[in-house]
Amino acid sequence: MKLFKLMAIALVAICGLNSCSEDCNHNYIEVDYSKKLAGTWTCIEPENEYAEALVINDDGSVTSIGVFDGEFWEKKGSIKVKDNKMTLSYEDGDYLETRFEMVEGIAFALVDDYLDVRYNYYYCENDLADEIVGMWVCHDAPTANGDIMTVQTYKENGKATYTGFGSYVDEFLVNDETNYKVVGDILFYELPQDMLPEGVRPYIIKRLTYAPDGNAYGDIIVQKSQRFNDGKVVEVASSMLRVKQGLNPTGKVYGYSSAYIPYAKGTDEDFKILGHTFNMANIKASDFDVIFGADLYCIELNANSIKHKFRPNGQDIEVETPITVEGNKVTLDMSAINPACRNVEMYMFQDKDDSQLHIYMPTSSFVNYFANLGIPDLIAEGKLDPTDTDAVAKVYADMEARVESINLSFVMKAIEEIK
């Protein structure tokens, strides 16, 4: 509990607190709060980059879990409360006496009058450690370039995986594994140490709010993080929807709903996909609204294939592509349809009722998928001989040269949901 570093300096100056009732002007009320403290209490103080959860038992034993100045700790000790004084003593030798205020069942505060420091701890009626276990998709994870899609999986063994844009490394991560811990309503999330840039704090702290069946598609967890910037606290919130670990490909038909593409880098060069012009220097989500909203009628997800149903120029076209499903990774065997095409790996996630399908493509998937879409037109126009391996390779090399990086995701909705 590194709060000691911030407050212990002033203990002597504030009357030692043992004689404070004699030497200071605090009005102490003789109330026994010791039996009212059992439970989990959490504190986040962004100004001091401090977060702590106190798990207090009926017998006065306490466990402190927290982060301060980039250091994580978990330790045991004991707690005593008499009148307006709290005493915390830990097995590692840390010891603190400080003024204590409480609103029963809601919050308590540790107050250092000398330093004018106040740490507020809020009561957690429900511990969310079990509720967070599972896979979650988020479409409003904020970045400097807008909201992005992320997929986060929290396992019972304290491991977590992340798929999406990692702003701290400025690149896209797929199933990147790290450690986490949830106590009460606080998430302690450890950034991967092997790729952490110098000067970046190794922990992200978020306060969680859980809503079972929070919307029509299932459970929701809202994550709120706070940081102190330019003298004020800035809060960032995003919501996660629980999705299935593994797909349910039973012939459900999905229509295009929306695309997310806030982050992309590439060359300022026009190129065409299914007759539509794109440019990586200014590519945006509405470009995909045009191509998929107008031309891609729907997809049908089966156990061994995906049927793409197009309507370019009012003509119905159906293409069935074999797939291999491993958990949430789906490999499209597009070479089975056209030997000149490459296979594409992407990630798909469904909500509890299979009413939404979330699709995530990292950069390599984008390159192969959209280069594949251009192959049939080039062949039909006589611009590509599919047996010329060098010419085919150049199509993909040209696309790779255009695309430095991109974060692309789609939301598809079951046809009955759209209607």
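Okay, one term before we start: a residue is buried under 20% relative accessible area, exposed over 50%, and partly exposed in between. And keep in mind that what you see here is a predicted model.

So take Asp 69. Its relative accessibility is 42%, so we call it partly exposed. You'll find Asp 69 in the loop between β3 (61–68) and β4 (71–82).

With a relative accessible area of 49%, Asp 213 counts as partly exposed.

Now, over to strand β25, residues 344–350. Six of its seven residues are buried, so the rest of the structure largely encloses this strand. Who are its partners? On one hand there's β24, residues 329–332, paired antiparallel with β25 over four bridges; there, Lys 329 is opposite Tyr 347 of β25. Then there's β26, residues 356–361, which also runs antiparallel to β25, joined by four bridges. In that pairing, Phe 349 has His 358 of β26 as its bridge partner. The β25 and β26 hairpin has five residues between the strands, and in it Asp 354 takes a positive phi near 60°.

Last stop, the surface. Asp 127, Asp 130, Glu 131 and Glu 156 come together there as a patch of negative charge. Asp 130 belongs to the loop between β8 (117–124) and β9 (134–143), and at 66% relative accessibility it counts as exposed.

Notes: Residues numbered from 1 in each chain as written. Predicted model: local features only at pLDDT ≥ 70, side-chain atom pairs only at ≥ 80, totals over all residues. Heavy atoms only, no water. Patch = residues over 30% accessible without salt bridge, like charges linked within 9 Å, V, L, I, M, F, W, Y side chains within 5 Å. Areas by Shrake-Rupley, 256 points an atom, 1.4 Å probe, with all protein chains shown as cover. Salt bridge = Lys/Arg side-chain N within 4 Å of Asp/Glu carboxyl O. Lys, Arg positive; Asp, Glu negative; His and termini not counted. Charge placed at Lys NZ, Arg CZ, Asp CG, Glu CD. Helix = DSSP H or I, 4+ residues; strand = E, 2+ residues; numbered from the N terminus. Buried < 20%, exposed > 50% of the residue type's maximum accessible area, 1.4 Å probe, protein only. Pairing = 2+ DSSP bridges.
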